[in-house]
Amino acid sequence: MPEVIFTGPAGRLEGRYQPSKEKSAPIAIVLHPHPQFGGTMNNKIVYDLFYMFQKRDFTTLRFNFRGIGRSQGEFDHGTGELSDAAAALDWVQSLHPDSKSCWVAGYSFGSWIGMQLLMRRPEIEGFISIAPQPNTYDFSFLAPCPSSGLIIHGDADKVAPPKDVQGLVDKLHTQKGITITQKTLPGANHFFANDADLLIEECADYLDRRLAGELSDPRPKRLR
């Protein structure tokens, strides 16, 4: 798994990158939790998501947002981190011009950044949003949400209370042309202590079903 350094908006960004052997393989970007609360690309859930995509022959990247590890810059309350994520996708796409589709997976703060990236990049055809925090972050930009995806969270999450996540899911369910799949893990908290393996199993099951053509509405491909 090559260590990589690529150019971001605030200086270099540090990542881990695994290219697929297939030139046209889809790309997956995995985004880590909040930088000011210990979030890094080496978070276990981020690490496991990376391997989940890699095992399915995606070209996969996880990276540290600005100011974390060897990534330059300072925390920017989401604005700069979204720019970092866009730069990361640009970098992978420059190496894989034949790749036509992309997925984004994010955990906690990373899910908020991932959903914003989804709005800006029409090539993103699927998302996995783990423990999003609509009680903390504004998700009103999803108007409408352009792609089908999975929202997965625990019913014992005190950081992102289930009622708030349910409100986000309910809002997205009213939108046409996409399928939002929700999974709630009984007893799981925001950190998925003792539940990380089940979390990844659920994410992998969802990804496999999507790759088999399930759980999404057929829709015309958005132009890039």
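At what angle do helix α2 (residues 79-95) and helix α3 (residues 109-120) pack, and how far apart are their axes? The views below take up this pair, then a second pair and one residue.

This is a predicted model, in which local features need pLDDT of at least 70 and side-chain atom pairs count only at pLDDT 80 or more, while totals for chains, interfaces and linings use all residues. Residues are numbered from 1 along each chain as its sequence is written, and side-chain values use heavy atoms, without hydrogens and water.

**View 1. Helix α2 packs on helix α3 at about 60°.** The two axes are 9 Å apart. Axes are lines fitted to C-alpha atoms, for helices over the stretch in contact, and angles run from 0 to 180 degrees between N-to-C directions. Helices (H or I, at least four residues) and strands (E, at least two) are DSSP runs, numbered from the N terminus. α2 and α3 are therefore oblique to each other. Angles under 35 degrees count as roughly parallel, over 145 as roughly antiparallel, 65 to 115 as roughly perpendicular and the rest as oblique. From α2, E81, L82, A85, A86 and L89 meet F109, I113, Q116, L117 and R120 of α3. Contact means heavy atoms within 4.5 Å. By class, this contact has 7 nonpolar, 1 polar and 2 charged residues. Ala, Val, Leu, Ile, Met, Phe, Trp, Tyr, Cys and Pro count as nonpolar; Asp, Glu, Lys and Arg as charged; the others, Gly among them, as polar.

View 2. Beyond neighbours within four places in sequence, F109 is in contact with H32, P33, H34, P35, F65, F75, G78, E81, Q133 and Y137. P161 is 52 residues from F109 in sequence and 14 Å away in space, C-alpha to C-alpha.

**View 3. Helix α1 (residues 44-55) crosses helix α5 (residues 196-211) at roughly 30°.** Their axes come within 10 Å. That angle makes α1 roughly parallel to α5. K44, I45, D48, L49, M52 and F53 in α1 meet A196, D197, L199, I200, C203, A204 and L207 in α5. The residues of this contact divide into 10 nonpolar, no polar and 3 charged.

**View 4. The buried residues of α1 pack against strands and α5.** I45, V46, D48, L49, F50, M52 and F53 are buried in α1. Their partners are β2 (11-18), β3 (27-31), β4 (59-63), β5 (102-107), β6 (124-130) and α5.

Definitions and conventions. Buried < 20%, exposed > 50% of the residue type's maximum accessible area, 1.4 Å probe, protein only.
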